Amino acid sequence: MMIMTYFELKKIFSKPVNKIIFIILAVTLCVVSYFAIVSVGYVDENGSTTTGIAAASALRKVLEKNAFINNSEEYLSKDVTENNKAYSKKQGFSDIRDMINRAYGGFQSYNYYRADSVTQEEISSFYDRRTANLAEWLHSDEQKQRYSKQEQQFLIAQYEKLETPFYYEYADGWKALLEYAPTIIMLLVLITAFPISGIFSDEIQLKADSIFFSAKSGRNKAIAAKIKAGFIAVTSIYWLTIMLYSGMVLAVLGIGGADCAIQNGFSNWKSFYNITYLQDYLLTVSGGYLGNLFILFLSMLVSAKTHSKALAVTIPFMLLFMPSFLSGISVLSEVLGLLPDQLLQVCTAIKTFNLYQIGNKIVGAVPIILIMYFILFCILPPVLYQVYRKTEIK
Amino acid sequence: MKLELDNLTKEFGRFVAADHINLTMTNGVYGLLGVNGAGKTTLMRMLCTLLKPTDGNIYCNGKDIFKMDGEYRNLLGYLPQDFGFYPEFTVKDYLFYIAAIKGVRPAVARKRTNELIFKVGLTKVADRKMKKLSGGMKRRAGIAQAMLNNPEILILDEPTAGLDPNERIRFRNLISELSEERLVLLSTHIVSDIEYIANEILMMKDGAIVNKGTLDEIISTMPEKVWNCLVPQQAVSSITKRYKVSNMKSDNHGVYLRIISTEKPCETAECVSPSLEDVFLYYFGEKVGDDNDVL
């Protein structure tokens, strides 16, 4: 079995066209990593913007300095004037400003300058404003119909469960990493589809099928070896790329902030998933892996059934781009939240309010898609095995 | 080793590719003769479990081959007509891989691969990629893969097609050498190959075995005689319309014809011993083309 698997992998990795595809993947990895790294920016006191390593370093220094000021005598003094002196030395940090803007704007609106007008009295209700905004939005005429009482209670309970005050530190490395993670994961599934889709159909295309199926293990172990090779190839290509991407971005931008709640900052402020950046990352890469496995095994199944690599390669493209065309149809919004493309962008899915009722329990889309596609993926290899096993050479 | 075909039938829609074939084969070389589309490949594919029959059964030593599954395929070596391979594999890699899917243990596979590479004369190119081999070399690699598991049943579909005369003779001798103590079924429409190496000949037409026996038995079944005669060029057209002509050769004196007929086709005709090619033409040489054609 091991030898068969080795040769199946050799079939995949020795094809000249696949070698070109792996070069394309490497280039894609470098480009996406570069964009992730330069997405972190810092504007200094002269108005000049820096990005990448320099920005990350500057931001860390700013936060260290702010933390130092927070522990200074002036800041800890009971005298308001002394406090103001300390406050005047601190530099503004856009994340905190964004959160204040979000908390004191409406749930669906954003006022860029709201932070400038927040009073000292108002600031004490900073965390409560988040839940209050949600409740206000849920009770609006527009949303009353959309969410049931139970769903509304679930969302408010999730908001209230969020641990406050926030633990806050520099987390731009994780933010940049997660911002571009769906891009690299989606490109991975599209690119990997090319070498993977040929595992089963190439036997027929190369006319090697007669010898393959007339061999002793041709209708059992040799097929299992193909499935195993597919699994190894998908797994190794996925994790190697993800590790390189994560390594490059985090090495440059830093790993600080892993324990910060994702609601820190602008983009995940509204999320009802109470997780940290590290948990978000783990969910995103695990979901991406499951999505890659599911979609690519589906491609292999199409390849085994139709004997057409061209048709099999289109499966990931269809699954990824079809939801974009259907997104305008509002009645499909609940279904769209459960399509496999969501697995490839868990860090985006956690921002959406897709809720589902299972029995008496309300659940978000993310745990459902993780469990559902894990079960569906477990079904695929035996189906694939049976379909290919029944191949007839006509 | 005994293979029994019991009422074996294969239909593709309304087309009957194998028509109620009943046949028993034991050790020896069987030559399967028939025109293109006679059903030879379909029959061989069923014997290799690549196709399931619409009706009927194939038994190997009394057991249904489709129920035997891997146990039957373990006895089988197959060289298909369209021999496909993995272009990026070297000859050695290719044979190691096929040995693995044939369930040959790695140590045995290594030994057997080296032996067969030597036997089929591919030692010098053992590390060359399959895509860089000549047509003859590929066929030799094909026969080597078929022999990897030392099969008791060897099925060769058009093994000499596309080979030059040297390669064909070499290949024919190789098959003869490998045919000892096993059942070999060899399909071809190159009649001389069958004449040289087959112990028993199976003639297939429209999905059915229309005749079988040794070379002499097959030849003796032909009710017509074979005649050689020299005729003037202008007489050729009328003769070809009336008789089956198995050979035609022109020179300065006229045209030498080999004619299959019960009656003497012309005064100068001389009765000669029939060959398998004459029998082939007798059974399969249907009149085609226009009424006034010559060839």
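Two strands pair if DSSP finds at least two bridges between them. The model worked on here is predicted.

**Exercise 1. The β9–β10 pair of chain B**

Find how many bridges join β9(B) to β10(B), and state which way the strands run.

Solution. 
- Take β9 of chain B, residues 200–205.
- Five bridges join this strand to β10(B). The cut-off for pairing is at least two.
- The two strands run antiparallel.
- For one residue position, take B:Met204: B:Ile209 in β10(B) stands opposite.
- Now look at the loop between β9 and β10 of chain B, where B:Asp206 is found.
- Phi of B:Asp206 is near 50 degrees, a positive value in a residue other than glycine.
- Most residues other than glycine have a negative phi.

**Exercise 2. The sheet of chain B**

Give the strand order in the open sheet of chain B, and explain why one side of β6 and of β10 is left without a neighbour.

Solution. 
- Six strands of chain B form the sheet, in the order β6-β7-β8-β3-β9-β10.
- The pairing is mixed.
- β6 (76–79) and β10 (208–213) of chain B stand at the edges, each with a single partner strand, so one side of each has no neighbour in the sheet.
- From one strand to the next, the twist averages 15 degrees.
- α11 of chain B (residues 276–284) lies across β3 (28–33), β9 and β10 of chain B. The angle of α11(B) to β9(B) is about 25 degrees.

**Exercise 3. Exposure of two residues**

Classify A:Lys207 and B:Asp206 as buried, exposed or partly exposed.

Solution. 
- Within 10 Å, 20 or more other C-beta atoms make a residue buried, and 12 or fewer make it exposed.
- A:Lys207 has 15 C-beta neighbours inside 10 Å, so A:Lys207 is partly exposed.
- B:Asp206 has 14 C-beta neighbours inside 10 Å, so B:Asp206 is partly exposed.
- A:Lys207 sits in the loop between α11 and α12 (209–214) of chain A. Phi there is positive, about 60 degrees, although A:Lys207 is not a glycine.

**Exercise 4. A peptide bond in chain A**

State what kind of peptide bond joins A:Thr164 and A:Pro165, and locate the proline.

Solution. 
- Omega is about -5 degrees, and the bond between A:Thr164 and A:Pro165 is cis.
- Most peptide bonds are trans.
- A:Pro165 lies in the loop between α10 (149–161) and α11 (172–205) of chain A.

Note on methods
Residues numbered from 1 in each chain as written. Chains lettered and ligands numbered in written order. Predicted model: local features only at pLDDT ≥ 70, side-chain atom pairs only at ≥ 80, totals over all residues. Helix = DSSP H or I, 4+ residues; strand = E, 2+ residues; numbered from the N terminus. Axes fitted to C-alpha atoms, helices over the stretch in contact; angles between N-to-C directions. Contact = placed C-beta atoms within 7 Å.
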